[in-house]
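Please look through the structure below before reading on. The report then takes its parts in turn.

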Amino acid sequence: MHLSNDTLGDILAVVDRLTLPHKTQVLMETDAGAEYKEWIDHDALLVQLRDAVRSSTGAHPGAGGLASERSVIDSDALEQYDSIVAQIRRLYIEVTDSTPFKQPESNLRAWFIEFRRQVESRKVGREVIEAKYRKLNRIASSIEAKLNPPTVLEITAPCPRCQATHATDDDGIYRRCLIVESRITEYRSLDHTRARCLACSATWIHGRGMRQLRYEIDQAEKGELAYTVEQDAAVIFSTIEAVRENV
Ligand SMILES: [Zn+2]
């Protein structure tokens, strides 16, 4: 992970994502296949996770549903939320003797103000600053992964670049080597869609990349078909030759 010189700015950006409503830009696609970017509003990640605990219909704010559905508790989300609340509380206690607030958002924002003060008065080393940044980033990423788990699809065609069909993935599992990972945040969004080959690491990203991959597979299949026809023809000709010789 590379940190810019403005590490406090980087930390504040993560704190904001966790504690404040924010916007992200996603790549969308029109019916004609043209890509465009659109801003999408999100609640604070901590608020979204808290909502997810009590919602069986996902993390969308105001995602109604029947009362019976709303009363379902997502125990994974609850466990994750409790753990994050405790981590943020520990951060807060590290920097102040004041009583923690009830909400983790308040604790985290109060922590940042105090932590920035310590950094500015040079009481904190660079390693500590970077460790805090990594910790908060892990928390934010874990919430995003929970709210929006990636869908993984396998493509049965061989890789058009290296022709491999199978390879071993990061978890040591032998599987088809062309995989597509997608995080569909909104309808038609192609942001965070990525195809890659586990064998040769070729990568295709976003909508344009998906179309490129489709094209390459088609071309490879055409090539393979031509090859098969040629091979069949060679077999037929050699069979004819053999028959002639035996006549
Ligand atoms: Zn490949």
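## Buried or exposed

A residue is buried if 20 or more other C-beta atoms lie within 10 Å of its own, exposed if 12 or fewer, and partly exposed in between, with C-beta atoms placed from the backbone. Of the 247 residues in the protein, 17% are buried.

Take P21. This residue sits in the loop between helix 1 and strand 1 (22-29). P21 has 12 C-beta neighbours inside 10 Å, so it counts as exposed. Contacts can still be listed for P21. Two residues are in contact if their C-beta atoms, placed from the backbone, lie within 7 Å. Apart from neighbours within four places in sequence, P21 touches D41, H42, D43 and A44. The C-alpha atoms of P21 and Q48 are 9.9 Å apart, although the two residues are 27 residues apart in sequence.

## Model and confidence

This is a predicted model: local features need pLDDT of at least 70, side-chain atom pairs count only at pLDDT 80 or more, and totals for chains, interfaces and linings use all residues. Residues are numbered from 1 along each chain as its sequence is written.

The score pLDDT is the predictor's confidence in each residue, from 0 to 100. The protein averages 81, and 74% of its residues score at least 70. Where pLDDT is low, the predicted coordinates should not be read in detail.

## Helices and strands

The protein has 7 helices and 8 strands. Helices (H or I, at least four residues) and strands (E, at least two) are DSSP runs, numbered from the N terminus. Of the contacts with a separation of 6 or more, 50% join residues 24 or more positions apart.

## Two packed helices

Helix 1 (residues 7-19) and helix 5 pack at about 170°, and their axes are 10 Å apart. Axes are lines fitted to C-alpha atoms, for helices over the stretch in contact, and angles run from 0 to 180 degrees between N-to-C directions. The two helices are therefore roughly antiparallel (the cut-off is over 145 degrees).

Helix 1 contributes L8, I11, L12, V15, L18 and T19 to the contact, while helix 5 contributes E105, L108, R109, F112, R116 and V119.

## The sheet

Which order do the 4 strands of the open sheet take? The order is 3-6-7-8, with antiparallel pairing. Two strands pair if DSSP finds at least two bridges between them. Strand 3 (151-155) and strand 8 (203-205) are the edges; each has a single partner strand, so one side of each lacks a neighbour in the sheet. Neighbouring strands are turned by 20° against each other on average, direction ignored.

Strands 3 and 6 pair over 5 bridges. In that pair, I155 has L178 of strand 6 as its bridge partner. Strand 6 (residues 178-182) is also joined to strand 7 (residues 193-197) by 5 bridges. There I179 is partnered by R196, and S182 by T193.

## Two loop residues with positive phi

R122 lies in the loop between helix 5 and helix 6 (126-147). Its phi is near 55°, a positive value in a residue other than glycine. R122 is exposed, with 7 other C-beta atoms within 10 Å.

Q163 belongs to the loop between strand 3 and strand 4 (166-168). Its phi is positive too, about 70°, and Q163 is not a glycine. With 13 other C-beta atoms within 10 Å, Q163 is partly exposed.

Definitions and conventions
Parallel < 35°, antiparallel > 145°, perpendicular 65-115°, else oblique.
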